[in-house]
Amino acid sequence: MSSLVISDVRPWGGERSDVELSGDRIAAVRPHDPAVRGAVDGRGRLLFPAFSDVHVHLDSTRIGLPFRPHTGGPGVWTMMLNDRANWRSAEVPLPERVAGTLERMIAHGTTRVRSYAQVDVDCGLEKLDAVLAAREKFAGQAEVHVMAFAQAGILREPGTFDVLDAAMRSGATVIGGIDPCTVDRDPKGHLDAVFGLAEKHQAEVDIHLHEPGHLGLFSTDLVLERVRALDMRGKVTMSHAYDLGSISESVSRRVIDDFAELDIAMTTVAPSASGQLSLLDLVSSGVRVGLGEDGQRDYWSPYGNCDLLDRTWQLAFTRGFRQDAHVELALAVATTGGASIMSHDVPRLAGLDDRPGVAVGDRADLVLVDGETPTSAVMDRGKDRTVIHNGVVVADGLTVLRR
């Protein structure tokens with residue numbers, strides 16, 4: 001079993017330490033001995049769990065391509081049509097730009113990725129195949145889960161259900177749904193299709209929810225009914241859901257309690273929306289919460305740069321966090337929070353002060369970042385980074401190391 005010593009690092013900003021890795025696990029954390037020279041010289045940098053991007057659309061990326069004006073209109077359907085009209089004419093073939101985006105994410109410290117791949121009657125499995133190819137290319141540098149996602153709905157275009165079914169047979173492991181009321185306009189039919197495919201393929205479910213207020217709550221309650229009826233505790237994620245906190249305090253409390261009871265996870269891309277459920281309440285109640293970059297400089301949005309530390313800053317900023325404990329919570333969500341969604345071997349965050357992922361027995365997926373404290377690392381977002389996946393250095397100085 002291979003071993004690796006990281007010398008002179010500060011786990012979560014604590015005391016200078018030497019960290020010994022054995023295989024894919026942390027074997028020891030000792031006070032720093034100046035006489036110890038590890039294979040990785042920490043130089044007093046901060047040590048965190050590596051980032052987990054659990055809501056990203058690798059299939060729509062334009063990272064690395066010339067910047068283009070945004071041409072999408074308002075609303076999910078119009079945005080989807082804009083993507084559909086333009087993605088084939090990009091300057092670089094899709095597999096190349098998907099792989100290049102994943103490589104840049106790894107270089108910045110992300111070693112766990114949960115990516116959507118759009119499948120529909122327009123693109124078939126072409127986008128899925130590009131994401132699966134990138135997953136294979138960087139199998140030694142990151143763990144990638146792929147979600148088959150019918151962004152255009154499942155019912156409104158005949159043949160979509162069959163393409164989704166084929167995508168699950170081709171290697172996707174999560175079924176994606178979207179806005180059951182406003183996209184397909186048939187919430188029962190939409191969710192029956194999503195959960196039916198999940199049962200057939202023994203897959204997890206991820207629901208994109210942009211629907212506002214009471215409509216979003218209605219769709220959410222339909223999801224809750226199916227989770228209970230099908231005993232799918234721990235197998236469903238609600239993504240976005242950024243207006244579920246807008247109705248009333250009692251409704252927010254009930255939704256959070258239901259999510260905790262049924263182990264329904266949530267992912268956020270840190271939008272500047274006022275109606276979101278409280279991140280502090282979600283975590284303190286035991287809900288798994290993860291962070292993602294969504295689309296990155298694609299036909300939906302000009303935002304995104306493959307750096308989840310940047311998005312962690314955005315999460316702290318949009319939530320109005322100023323206290324160090326709150327900013328560090330955002331960092332915990334971006335690292336082990338997302339990891340706990342991808343693998344239930346990673347415990348849910350235990351509360352506001354929980355800073356897991358760098359103790360003996362934890363998986364050796366780590367990132368070293370320059371900074372004085374965890375909060376300063378989020379504010380400054382330094383570029384002196386070393387990335388470790390399964391006990392092996394996979395990137396240094398924002399460059400992925402090929403093996």
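**Close-up views of a predicted model**

Aspartate 380 is exposed, with 56% relative accessible area. This residue belongs to helix H11, and everything described in these legends comes from a predicted model.

View 1. Welcome to the stretch around helix H11, which covers residues 374-380. Aspartate 380 sits in this helix. With a relative accessible area of 56%, aspartate 380 is over the 50% cut-off, so the residue counts as exposed. Aspartate 324 is 56 residues away from aspartate 380 along the chain, and the C-alpha atoms of the two are 14 Å apart.

View 2. Methionine 379 is part of helix H11. The relative accessible area of methionine 379 is 36%, which makes this residue partly exposed.

**View 3. The salt bridge between aspartate 310 and arginine 381.** In this pair, the closest N and O atoms are 2.4 Å apart. Aspartate 310 belongs to helix H9, while arginine 381 lies in the loop between H11 and strand S14 (385-389), so that parts of the chain 71 residues apart are linked. Both partners are partly exposed: aspartate 310 has a relative accessibility of 22%, and arginine 381 has a relative accessible area of 21%. The backbone of arginine 381 deserves a look too, with a phi near 50°, a positive value in a residue other than glycine.

**View 4. The salt bridge between arginine 311 and glutamate 293.** The closest N and O atoms of this pair are 3.8 Å apart. Arginine 311 is in helix H9 (residues 308-318) and glutamate 293 is in the loop between strand S12 (289-291) and H9, so the pair links parts of the chain that are 18 residues apart. Are these two partners buried or exposed? Arginine 311 is buried, as is glutamate 293.

View 5. Side chains of opposite charge can pair when their charged atoms come close. The structure contains 33 salt bridges, and one of them joins arginine 233 to glutamate 261, with an N to O distance of 4.0 Å. Arginine 233 is in the loop between helix H6 (213-229) and strand S10 (236-240), and glutamate 261 is in helix H7 (residues 249-262), so this contact ties together parts that are 28 residues apart in sequence. Arginine 233 is partly exposed at 39% relative accessibility, and glutamate 261 is partly exposed at 45%. Which residues belong to the network built from salt bridges that share partners? Asp221, Arg228, Asp231, Arg233, Arg254, Asp258 and Glu261 are joined in this way into one network.

**View 6. Helices H6 and H7 crossing.** How do the axes of H6 and H7 meet? They come within 11 Å and cross at roughly 25°. Angles under 35 degrees count as roughly parallel, and H6 and H7 are therefore roughly parallel to each other. The crossing of H6 past H7 is left-handed.

**View 7. Helices H2 and H3 packing.** Helix H2 (residues 94-107) packs against helix H3 (residues 126-137) at an angle of about 45°, and their axes are 9 Å apart. This angle makes H2 oblique to H3. As for handedness, H2 and H3 make a right-handed crossing.

**View 8. Histidine 240 in strand S10.** What is the phi of histidine 240? The angle is near 70°, a positive value in a residue other than glycine. Histidine 240 is located in strand S10. With a relative accessible area of 8%, this histidine is under the 20% cut-off and so counts as buried.

View 9. Valine 251 lies in helix H7. The residue is buried, at 16% relative accessible area.

How values were computed:
Residues are numbered from 1 along each chain as its sequence is written. This is a predicted model: local features need pLDDT of at least 70, side-chain atom pairs count only at pLDDT 80 or more; totals for chains, interfaces and linings use all residues. Side-chain values use heavy atoms; hydrogens and water are left out. Helices (H or I, at least four residues) and strands (E, at least two) are DSSP runs, numbered from the N terminus. Buried means under 20% relative accessible area, exposed over 50%, partly exposed in between (1.4 Å probe, protein chains only). Axes are lines fitted to C-alpha atoms, for helices over the stretch in contact, and angles run from 0 to 180 degrees between N-to-C directions. Angles under 35 degrees count as roughly parallel, over 145 as roughly antiparallel, 65 to 115 as roughly perpendicular and the rest as oblique. A crossing is left-handed if the near helix is turned anticlockwise from the far one by less than a right angle, and right-handed if clockwise. A salt bridge is a side-chain nitrogen of Lys or Arg within 4 Å of a carboxyl oxygen of Asp or Glu.
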